[in-house]
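Trainee: I have a model open and want to learn how to read it. Where do I start?

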Amino acid sequence: MTNFFDRFTGRKPNDDEASPAQSAKERLKLVLTTDRTQISPEDLRKMQAEIVEVVQRYTNIDDFDVDVSLELRDRENFLVANVPLKNATHNNAHRARPTQPTVDEPVIEESVDAYEDEPEPYASQEAHDDTEPNRAEAKGAPTGFHLDDDEGTD
Amino acid sequence: MPARVITVTSGKGGVGKTTTTANLSVALAMLDKKVVAIDADIGLRNLDIIMGLENRIVYDLIDVVEGRCRLSQALVKHKQHATLFLLPAAQTRDKSALTPDQMLAVVEELKPSYDFILIDSPAGIERGFQNAVAPANEALVVTNPEVSSVRDADRIIGLIEAKDQPIRSHLVINRMKPHMVKRGDMLSADDVVEILSIKLIGIVPDDESVLVGGNTGITQVDSKAFNEFLNIARRLNGESIPFAQASTESDGLLSRLAKVFGGNSN
């Protein structure tokens, strides 16, 4: 049906490929982010690697999940970093833990704050998890640590 | 009320700044506005020939700023429209013959007596462009639906926004080919507006009449393109006129088929 009409409207049969108009738009958006911000794609890649490095000092992330990009919104430019945190699953496990006293809601908020401020409690949290069924740990933590070990002190 | 000073600019050459200035100044004059069109392209003057006034020039902009004549002596009255005047560029000099301050002084002197002052900017982002935007309250940024002119327009908009007193920019998309947009071969007006993020004021269709107008020095007022220039003039005056995105109805077979079927069902 579409093919039939597309032929008459002059549209190219292979619509999986971007139309010239679409590729013009995408290429322009890319080149304009560089033009406007003076940040080259290469700079952006380096920045992303360094951001990953910094975040990994505090928490577990997979570097291939991280996306750092430049966005143009109404002639304003934004550096947007999407960094999925792996230990969201740890926190959830922590929160769901039945052994905590009933007042645990506010206590947990505090502990999360402290955890963000200083790296210390991070380790203790891991230790906590060790006492629990190690489901979350098996999913999240080890890959991160392995990566650290491979590239770091070993 | 003092004149609104609007600079027509684009960054890239050849996108239609001069034809936009010529057509829009005629359109404004047809709406009974008092208009001066200034050719700021010193050394490469063309607004005179596009407007059909090349044989009537006695003095030019540089003669005015260098004191060889009074401003009123350099103004050339349009043949068809008594409220439209051209202030021509000098042909034998270059951009360095003029400074932004001199341009400001000339425009200040014109302001009280006119409704609109349109300044045709040279291509580029250097001195000539700086001269042309110095006195502007508003800018018409002309672009074509094509990557290089859109990119250059973006640069120009950035420079305009960086001015000490930021001015309002309006976007004119010139030489639109609706049948190519329909095929997906050309950026649509929406695409261009989305990329540049400034206020759209006109979508001028690609129209051979514009070339004919330049060739004869007589604006082809009965044309699709001029109709849109009239719309731009009205929008500048605050009228709200919807954008006729693309007059594609007569083009595609699909829409013709749709019409036939629509006719049958009635």
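Trainee: Which elements of chain A have the lowest and the highest mean pLDDT?

Mentor: This is a predicted model, so check confidence before geometry. In chain A, helix α8 (residues 141-151) has the lowest mean pLDDT, 37. Helix α2 (residues 20-37) has the highest, 92. Over residues 92-154 of chain A the pLDDT is below 50. That stretch still shows 43 contacts beyond near neighbours in sequence. The average for chain A is 64, and 45% of its residues score at least 70.

Trainee: Now chain B. What is the strand order in the sheet?

Mentor: Eight strands of chain B run in the order β3-β4-β2-β5-β1-β6-β7-β8. The sheet is open and its pairing is mixed. β3 (76-77) and β8 (199-205) of chain B are the edges, each pairing on one side only. β3(B) pairs with β4 (residues 84-87) of chain B in the antiparallel sense, over two bridges. There, B:Lys77 stands opposite B:Phe85.

Trainee: Which strands does helix α9 of chain B lie across?

Mentor: Look for the strands under the helix, then the angle. Helix α9 (residues 189-196) of chain B lies across β6, β7 and β8 of chain B. Its direction is at about 150 degrees to β7(B).

Trainee: Is B:His170 buried or exposed?

Mentor: Compare accessibility with the cut-off: buried means under 20%. B:His170 has 6% relative accessibility, so it counts as buried. B:His170 lies in β7 (residues 168-176) of chain B. Its contacts include B:Val141, B:Ile198 and B:Leu236. A polar contact of 3.0 Å joins its side chain to that of B:Glu138.

Terms used: Residues numbered from 1 in each chain as written. Chains lettered and ligands numbered in written order. Predicted model: local features only at pLDDT ≥ 70, side-chain atom pairs only at ≥ 80, totals over all residues. Heavy atoms only, no water. pLDDT = per-residue confidence, 0-100. Helix = DSSP H or I, 4+ residues; strand = E, 2+ residues; numbered from the N terminus. Contact = heavy atoms within 4.5 Å. Buried < 20%, exposed > 50% of the residue type's maximum accessible area, 1.4 Å probe, protein only. Polar contact = N/O pair within 3.5 Å; in protein donor to acceptor, adjacent residues only side chain to side chain. Pairing = 2+ DSSP bridges. Axes fitted to C-alpha atoms, helices over the stretch in contact; angles between N-to-C directions. Lists of a residue's contacts leave out its neighbours within four places in sequence.
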